[in-house]
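Let us take a walk through a protein model together, one stop at a time. Have the sequence and the 3D view ready, and look for each residue as we reach its name.

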Amino acid sequence: MMKRILTILTVACLTANAFSQSSSTIKNQNKMKLNAGVLTTKLAESKDFYTNILGFGVTFENEFYLLLHTPNHEAEISFLLPNHPSQQPFFHKPFLGQGMYLTIEVDDVDSIYNDLKKKGVPIKIDIRNEPWGDRHFAIEDPNGIGIDIVKYSPPQDK
């Protein structure tokens with residue numbers, strides 16, 4: 001009986017020790033939240049597109065900076081005027097309209113696809129199912145940024 005109690009206590013101590021080590025590792029990590037930023041002269045066009053077409057909200061706005069959030073407030077994107085005197089030179093060069101895309105994960109990709117088609121938004125990649133399971137389509141924002149709107153799903157067995 002004593003051996004059984006010692007075994008239970010040993011397992012309990014080892015479990016508690018392992019939990020406290022993994023818990024302290026998590027506590028020591030910095031919390032991070034990604035906010036993509038685009039240097040562009042098209043602040044008004046970007047605001048119109050993201051709020052009226054995609055349903056984003058305005059978090060903050062002034063004459064040289066625009067911060068928008070997704071409808072559920074889980075992510076943000078910002079737009080900054082290039083060459084603004086309030087910013088360091090590192091943040092002066094404008095985005096040139098190539099080599100960037102955003103992915104927006106949604107629950108009902110077909111509904112959003114149909115809504116955007118009704119609004120007359122040009123579809124760059126028509127809605128499709130991929131062999132790896134995604135169902136998606138793509139549009140483009142006023143800055144030339146590709147936006148992949150996707151419903152992630154496990155691959156379909158054939």
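Is D107 buried or exposed? D107 is exposed, because its relative accessible area is 72%; here buried means under 20% relative accessible area, exposed over 50%, and partly exposed in between, with a 1.4 Å probe and protein chains only. Before going further, note that this is a predicted model, in which local features need pLDDT of at least 70, side-chain atom pairs count only at pLDDT 80 or more, and totals for chains, interfaces and linings use all residues. Residues are numbered from 1 along each chain as its sequence is written, and side-chain values use heavy atoms, with hydrogens and water left out.

Where does D107 sit? You will find D107 in the loop between β5 (101-105) and α3 (109-118). Helices (H or I, at least four residues) and strands (E, at least two) are DSSP runs, numbered from the N terminus. Together with E105, D108 and D115, D107 forms a negative surface patch. Patch members have over 30% relative accessible area and no salt bridge, and like charges are joined within 9 Å.

Now turn to the strands. Strand β3 (residues 65-69) is mostly covered, with four of its five residues buried. On one side, β3 pairs with strand β2 (residues 57-61) in the antiparallel sense over four bridges; two strands pair if DSSP finds at least two bridges between them. In this pairing V58 stands opposite L68, and a hairpin of three residues joins β2 to β3. Strand β3 is also joined to strand β4 (residues 76-80), by five bridges and again antiparallel. Here Y65 stands opposite L80, and the hairpin between β3 and β4 has six residues between the strands.

Most residues other than glycine have a negative phi. H73 is exposed, because its relative accessible area is 54%. Another residue of this kind is N83, in the loop between β4 and β5. N83 has a phi near 60°, also positive in a residue other than glycine, and at 52% relative accessibility N83 counts as exposed.

Our next stop is the salt bridges. How many does the structure hold? There are five salt bridges, each being a side-chain nitrogen of Lys or Arg within 4 Å of a carboxyl oxygen of Asp or Glu. In one of them, the side chains of E61 and K47 meet at 2.9 Å, N to O. E61 lies in strand β2 and K47 in helix α2 (residues 43-53), so this pair ties together parts that are 14 residues apart in sequence. Both count as partly exposed, E61 with a relative accessible area of 42% and K47 with 29%.

A second salt bridge joins D110 and R135, whose closest N and O atoms are 2.7 Å apart. This pair links distant parts of the chain, with D110 in helix α3 and R135 in strand β7 (residues 135-140), 25 residues apart.

Finally, K124 forms a salt bridge with E140, with the closest N and O atoms 3.6 Å apart. K124 counts as exposed at 54% relative accessibility, whereas E140 is partly exposed at 37%.

Terms used: Patch = residues over 30% accessible without salt bridge, like charges linked within 9 Å, V, L, I, M, F, W, Y side chains within 5 Å. Areas by Shrake-Rupley, 256 points an atom, 1.4 Å probe, with all protein chains shown as cover. Lys, Arg positive; Asp, Glu negative; His and termini not counted. Charge placed at Lys NZ, Arg CZ, Asp CG, Glu CD.
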